[in-house]
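Hi,

Here is the structure I said I'd pass on. Have a look, and my notes follow below.

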Amino acid sequence: MTTEGQVLLYGWPGGPEAPLVAAGPRALHRLLAWTSPSFPIGAFSYSHGLEQAIEDGTVGTAETLAGWIGGVLRFGAGRTDAGFAVRAARQAQAGDMAGLVETAIVSSALTPAGERALEARQQGRSFLEAVARGWALNEAADLAARLDAAEVPATLPIAAGACGGWAGLPEDMLIEAFVHAFAANLVSAGVRLVPLGQTDGQRVLAALGPVIGTVAAAARAGPEAAPGGAAILADIAALRHETLYSRLFRS
């Protein structure tokens with residue numbers, strides 16, 4: 001049953017005929033706001049190790065930028081964070097707060113570098129605060145309090161996934177938008193650092209579209225798969241960035 005003005009959405013893993021989410025007409029509005037570059041979580045200040053890769057000469061063109069980001073999406077944090085976001089969204093919808101805390105512990109533990117940990121945790125905490133205060137989602141404040149009590153950091157995929165689940169956002173849209181926002185932020189960093197023109201940046205983002213869709217779909221199909229990545233060069237770049245003499249970004 002839906003209330004007036006709601007749209008019944010299908011396509012959950014229970015089958016194409018299993019309607020599980022009734023999303024109101026403002027669902028897209030929330031999704032666009034929460035994944036916008038203007039959402040106040042400080043995403044613009046992080047490059048996820050890309051600044052070091054550009055300093056080393058590994059990335060220096062639109063093509064190498066697309067290749068680097070595509071690798072991070074398929075084999076690194078893009079893959080693992082999408083999986084954690086799916087888990088968090090489903091645990092939030094199920095009212096499993098204890099499960100969310102456990103997932104947050106694993107997500108935080110798997111960040112492979114100090115700056116990467118700062119990136120994930122600072123944005124996650126800021127996300128919960130922005131949604132709780134700006135959008136009056138009480139569950140976000142409750143999760144923040146529970147994580148504080150357990151001394152567990154709130155990483156971005158846990159915060160975004162859980163809030164999306166509580167808000168009733170369609171899972172397919174939520175996860176793809178989350179991965180897209182991650183990729184778009186790295187493209188923006190690359191445009192500023194290489195530097196590239198804005199049109200080149202849009203070409204890179206367009207080329208990453210199929211990868212974004214594949215990563216999001218895989219995360220939804222197997223959220224219980226063991227988390228982990230193999231983006232070794234990206235992890236090394238993130239470690240080396242900690243001692244980069246002159247830099248613009250925090251990671």
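When I say below that something covers a residue, I'm going by contact, which means heavy atoms within 4.5 Å. Also keep in mind that this is a predicted model.

I'll start with helix H12, residues 232-241. Its buried residues are Ala234, Ala237, Ala238 and His241. They span an arc of only 100 degrees around the axis, so they sit on the same side of H12. As for what covers them, that includes helix H2 (50-56), helix H3 (62-75) and helix H6 (114-134).

H6 turns up again with the aromatics. Searching the whole structure gives 3 aromatic pairs. In one of them, the ring centres of Trp34 and Phe127 are 6.1 Å apart and the planes are at 80 degrees, so I'd call this pair edge-to-face. It links distant parts of the chain: Trp34 is in helix H1 (residues 27-34) and Phe127 in helix H6, 93 residues apart. Both Trp34 and Phe127 are buried.

Trp34 also pairs with Trp135, again edge-to-face, at 5.8 Å centre to centre and 85 degrees between the planes. Because Trp34 is in helix H1 while Trp135 is in the loop between H6 and helix H7 (138-150), this pair ties together parts 101 residues apart in sequence.

So are these two tryptophans buried or exposed? Trp34 has 5% relative accessibility and therefore counts as buried, whereas Trp135, with a relative accessible area of 22%, is partly exposed. Finally, Trp34, Phe39, Phe127 and Trp135 make up one aromatic cluster.

Cheers

Conventions:
Residues are numbered from 1 along each chain as its sequence is written. This is a predicted model: local features need pLDDT of at least 70, side-chain atom pairs count only at pLDDT 80 or more; totals for chains, interfaces and linings use all residues. Side-chain values use heavy atoms; hydrogens and water are left out. Buried means under 20% relative accessible area, exposed over 50%, partly exposed in between (1.4 Å probe, protein chains only). Helices (H or I, at least four residues) and strands (E, at least two) are DSSP runs, numbered from the N terminus. The arc is that of the directions from the helix axis to the C-beta atoms. Rings of Phe, Tyr and Trp (its six-membered ring) pair if their centres lie within 6.5 Å; planes under 30 degrees apart count as stacked, over 60 as edge-to-face and the rest as tilted.
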